[in-house]
Amino acid sequence: MPIDTETLSLVHYPAPILQERSKAVAEVNDEVRAVARRLIELMHEHEGVGLAAPQAGVPWRIFVTRGDEDEPDLVYINPELTLARTALEPFEEGCLSLPGIHVTVRRPTTATIVALDIDGNPFTVTSDDFIARIWQHEFDHLNGTLIINRMSPIDRLSTRKALKELKLAAGS
Ligand SMILES: [Zn+2]
């Protein structure tokens, strides 16, 4: 059944899709492109720096990142991520699927990503910039991993109430 991309909207924790592994995209066709465009729209609507398909309820291996002033927004289809063996850097992250929650996540500073773009063409980028952290955060979403799965015991305590409220809001 084709996806009605117009109706795709942001999914919040504890929706099960956020905790599942997404499936590889078999072919970059018009439907895949429409989903990617909707992800870009939602990312801007909610003022995010990145968004992964499961966050819009689609279990596909696609995510998008927001460009800087003179850089375009980018689409990554079937991404593969390689992390450099750098020291882990702690940084406070939020997530559009976990409103009100900010936790410190330690990640390598440098990464290389290989993916297909919105036209189905492969590309490779290496960065030691902030985008390398966004790639890791969004790539985690494709494997059902959330920042709350990577937080410290201290953050676990401090976010307990907010997580409980999200569960209550979802009626679960
Ligand atoms: Zn997120």
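## Lining of the largest pocket

In this predicted model, the lining of the largest pocket is made up of 9 nonpolar, 4 polar and 4 charged residues. That lining comprises 17 residues. Those nearest the centre of the pocket are Arg66, Gly67, Asp68, Glu71 and Ile131. The space in the largest pocket amounts to about 400 Å³.

Helix 2 is the one that gives the most, with 4 residues.

## Lining of the second largest pocket

The second largest pocket holds about 260 Å³ of space. Its lining is formed by 17 residues, and Val49, Gly94, Cys95, His137 and Glu138 lie nearest the centre. By class, 6 of the lining residues are nonpolar, 6 are polar and 5 are charged.

At least two residues of this lining come from strand 4 (88–93), and at least two from helix 2. The largest share belongs to helix 2, which supplies 5 residues.

## Helix 2 in both linings

To the lining of the largest pocket helix 2 gives 4 residues, and to that of the second largest pocket it gives 5. In each case this is the top contribution from an element.

Notes:
Residues numbered from 1 in each chain as written. Predicted model: local features only at pLDDT ≥ 70, side-chain atom pairs only at ≥ 80, totals over all residues. Heavy atoms only, no water. 1 Å grid on protein atoms, 1.4 Å probe; cavity = no way out; pocket = protein on both sides within 12 Å on 5 of 7 lines; lining within 4 Å. Points joined across faces, edges and corners; volume = space filled by probe spheres on them. Nonpolar A, V, L, I, M, F, W, Y, C, P; charged D, E, K, R; others polar.
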